[in-house]
Amino acid sequence: MYDAMMAETINIAGHGGDRIEAYLARPLGPGPFGGVVVIHHMPGYDEGTKEITRKFAAHGYTAICPNLYTREAPGASPDDAAAAARALGGVPDERLVGDVLGAVTFLRAQLNSNGKAGTIGYCSGGRQSFLAACSLPLDAAVDCYGAFIVGTPPEGIALKVGPIVHLAKDLSCPLLGLFGEDDKHPSPDQVAELEKALAAAGKMFEFHSYEGAGHGFFSVDRPAYRPEAAKDGWQKIWDFYGRYLAN
């Protein structure tokens with residue numbers, strides 16, 4: 001089996017037709033391949049997120065990570081871009097959906113696409129993955145400890161976002177949720193509330209919560225990293241996307 005990939009910075013059409021930066025990683029085999037939109041976390045379009053994007057390509061998916069902060073800070077470092085976005089309260093929900101739509105459209109237009117596309121996001125990106133899956137026709141979505149799907153940001157957090165659990169009825173695809181039992185945003189009670197809303201709406205979902213893990217347990221460069229939880233979480237992702245995106 002030919003094992004090679006290509007990764008590069010490109011531009012795609014985002015919300016309102018804006019040209020935004022994106023990081024694309026794709027296998028170099030003939031395919032067909034499913035597509036994954038990687039939604040970066042609040043710290044931005046950084047090295048860790050690009051590594052995750054390449055990880056999907058290594059596992060046989062065409063993956064793209066749109067730079068959601070292109071408009072606020074074109075060409076800036078991830079830290080500066082994240083600071084500029086925070087100062088404005090984060091990415092507006094409507095614009096996020098438009099940018100993800102642009103990324104999905106790009107993926108499905110590739111000659112080696114199998115026509116399927118999903119999303120994944122971490123922290124703020126987990127919320128945005130759920131939002132995209134409730135707003136767009138997708139084939140699969142993964143929410144890794146998405147904050148403020150349920151509940152609102154506490155004082156001192158600059159995000160201007162509100163709860164979106166009411167959108168559960170609009171979920172367009174199966175949802176995988178990966179959470180830490182020691183997390184506060186979302187707390188186990190908030191995860192349970194989201195689970196209840198999805199069940200009431202008759203949606204397909206699969207939630208896993210990890211004992212001893214808090215927020216950011218996938219982040220290999222942070223004290224929050226929990227290797228056992230992250231390893232199991234990745235296997236859950238491969239199994240989930242294998243069912244809904246690969247074929």
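In helix H1, residues Ile52, Lys55 and Phe56 meet Trp234, Ile237, Trp238 and Tyr241 of helix H6, where contact means heavy atoms within 4.5 Å. By class, the residues of this contact of H1 with H6 comprise six nonpolar, no polar and one charged; here Ala, Val, Leu, Ile, Met, Phe, Trp, Tyr, Cys and Pro count as nonpolar, Asp, Glu, Lys and Arg as charged, and the others, Gly among them, as polar. The model is a predicted one, in which local features need pLDDT of at least 70 and side-chain atom pairs count only at pLDDT 80 or more, while totals for chains, interfaces and linings use all residues. Residues are numbered from 1 along each chain as its sequence is written, and side-chain values use heavy atoms, with hydrogens and water left out.

H1 spans residues 47-58 and H6 residues 227-244, and the two pack at an angle of about 50° with their axes 12 Å apart. Helices (H or I, at least four residues) and strands (E, at least two) are DSSP runs, numbered from the N terminus. Axes are lines fitted to C-alpha atoms, for helices over the stretch in contact, and angles run from 0 to 180 degrees between N-to-C directions. H1 and H6 are therefore oblique to each other, since angles under 35 degrees count as roughly parallel, over 145 as roughly antiparallel, 65 to 115 as roughly perpendicular and the rest as oblique.

Turning to charged pairs, a search of the whole structure finds eight salt bridges, each a side-chain nitrogen of Lys or Arg within 4 Å of a carboxyl oxygen of Asp or Glu. One of them joins the side chains of Arg71 and Asp18 at 2.8 Å, N to O. Because Arg71 sits in the loop between strand S4 (61-66) and helix H2 (78-87), and Asp18 in the loop between strands S1 (5-13) and S2 (19-27), the pair ties together parts 53 residues apart in sequence. Arg71 is partly exposed, at 25% relative accessible area, and so is Asp18, at 33%; buried means under 20%, exposed over 50%, and partly exposed in between (1.4 Å probe, protein chains only).

Another salt bridge pairs Arg95 with Glu72 at 2.9 Å, N to O. Arg95 lies in helix H3 (residues 93-108) and Glu72 in the loop between S4 and H2, so this pair connects parts 23 residues apart in sequence. Arg95 is buried, with a relative accessible area of 11%, whereas Glu72 is partly exposed at 23%.
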